[in-house]
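These are my notes from going through one structure. I wrote them down in the order in which I looked things up.

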Amino acid sequence: MKFLHKILEKQRPMFEKGGKLEKLYYLFEAGETFMFSPASTAAKKGVQIRDAIDLKRMMMTVVIAMVPCLVWGIFNVGYQHNIATGQATTFFSIDNLLFGARWVLPIVLVSYAAGGLLEALFAVVRKHPINEGFLVTGMLIPLIVPPTIPLWQVALATIFGVVVGKEIFGGTGMNVLNVAMTARAFLYFAYPLQISGEVWTQMAGDTAVNGFSGATALAVANNVSIAGTQTVVEGLNQANAMLSAPFSSGSFFSFDNMLIGGIPGSIGETSTLMALIGGLILIATGVGSWKIIVSVFAGAFAMGTIFNLAGANEFMALPAHYHLVLGGLAFGAVFMATDPVSAAQTETGKWIYGALIGMLTVLIRVLNPAYPEGIMLAVLFMNVFAPLIDFYVVQANKKRRMARATV
């Protein structure tokens, strides 16, 4: 690789000040630092605290943590197609892998291409290095959309998320809102038919499978609760009764099958188990906050229990532990709520922030039929309030310290 680096270094004068391509210097720098370790890793002035991890390594750790969800999602897309057409055998088959890759990988490529070009454009115009933050966002966006979403909508949502969610605030590290959730919110309100709870399973000829509903578990639960003719658990057990669950001896939407992830849904959110594996990677490497992850699940379970006690409708009576495997709660808790920029920064604030996200998620699901997937709105809402939470936590700490000082 040294000879490639030497070839690249010979081109450097063209991009430095006075060179023909000096305006594209930061594109050159981004390409070089992406392929090779930079020659300098600290500022030339001031005291530096050195660490083994930098922004690029941190972002790549998050991407690695998402790989289990991505791989699972690819297999699941193929599996959901094949069970709809009566061709499914086992979940981990080459056929499922190839079919799923055909649908998922273009979404990933479009997301990275649209966001990457936009990041490069802002770097050239603002004359600053290209930040590695989009390494994560470019993977998050494909994992939180259905596999059947049009590619042009992926590009449009990515552009919207990067510009409105990040760049207007100053770029990476300055954003108030989670960029990926901002992109999903744009899709949800601009193109609700393509992002709603009815995720259609596609045939090889790109047409919907007649007579088969690819509705997600949340959509089924929501429809059952509106009808009010049976309990939500009964409705889930009866949905797609003709299909056998790949990871359960029970119904297709049984708790264990939803936990493992053999159900329809957005690409990366169906498997709570894979999201938890990603969470363990983030916690073990110190990249993600275990306090936020645990408190999101605790808040959701607590709100589900409160609704169980109220029991005013069938959705309220749904056992609290079901909320932990329904929809994208686990994925959102692990990869969205723990965003180090838009989340709460104080240690006590992280507990409050995460618990409120979990509680709001279940609150939105149960009380607002228009938004069966509450994690999106909950994360964005709490992103806005995270600085306020930190402010009051800091103020409380000051008051306690002042009280001790005056004793």
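Entry 1, Thr 61. The model is a predicted one, and every value I note here is computed from it. Is Thr 61 buried or exposed? Its relative accessible area is 15%, and buried means under 20%, so I put Thr 61 down as buried. Leaving out neighbours within four places in sequence, I listed the contacts of Thr 61 as Leu 282, Thr 285 and Val 287.

I counted 17 helices and zero strands in the protein chain. Of its 407 residues, 50% are buried. I then took the contacts between residues at least 6 apart in sequence; 66% of them join residues at least 24 apart.

In soluble globular proteins, nonpolar side chains tend to be buried together. I asked how many residues the largest nonpolar core has here. It has 96 residues, and Met 66, Phe 335 and Tyr 353 have the most contacts inside it. H4 supplies the largest share of this core, 13 residues. Another core lies apart from it and has five residues, including Leu 118, Phe 122, Val 162 and Val 179.

With residues up to four places away in sequence not counted, Phe 335 touches Val 62, Ala 65, Met 66, Cys 69, Leu 140, Ala 275, Gly 278 and Leu 282. I next asked why H15 can be called largely enclosed by the rest of the structure. Eight of the eight residues of H15 are buried, so I recorded the helix as largely enclosed. The buried residues are Leu 329, Ala 330, Phe 331, Gly 332, Ala 333, Val 334, Phe 335 and Met 336.

Rolling a probe the size of a water molecule over the atoms shows where empty space is left. I found two cavities of 30 Å³ or more. The second largest cavity has a volume of about 50 Å³. Its lining is made up of Ile 144, Met 181, Arg 184, Glu 269, Gly 328, Phe 331, Gly 332, Glu 373 and Ile 375. Helix H8 (179–190) and helix H15 (329–336) are the elements that give two or more residues to this lining. By type, I sorted the lining of the second largest cavity into four nonpolar, two polar and three charged residues.

The elements that give two or more residues to the pocket lining are helix H4 (55–84), helix H6 (134–143) and H8. Which element gives the most to the lining of the second largest pocket? That is H4, with four residues. The pocket lining divides into 13 nonpolar, eight polar and two charged residues.

Where is Gln 230 found? I placed Gln 230 in the loop between helix H10 (217–227) and helix H11 (232–238). The side chains of Gln 230 and Gln 238 are joined by a polar contact of 3.3 Å. Not counting residues up to four places away in sequence, I listed Val 224, Gly 235, Gln 238 and Glu 314 as touched by Gln 230.

Terms used. Residues numbered from 1 in each chain as written. Predicted model: local features only at pLDDT ≥ 70, side-chain atom pairs only at ≥ 80, totals over all residues. Heavy atoms only, no water. 1 Å grid on protein atoms, 1.4 Å probe; cavity = no way out; pocket = protein on both sides within 12 Å on 5 of 7 lines; lining within 4 Å. Points joined across faces, edges and corners; volume = space filled by probe spheres on them. Nonpolar A, V, L, I, M, F, W, Y, C, P; charged D, E, K, R; others polar. Polar contact = N/O pair within 3.5 Å; in protein donor to acceptor, adjacent residues only side chain to side chain. Contact = heavy atoms within 4.5 Å. Core = buried A, V, L, I, M, F, W, Y, C linked by side-chain atoms within 4.5 Å. Buried < 20%, exposed > 50% of the residue type's maximum accessible area, 1.4 Å probe, protein only.
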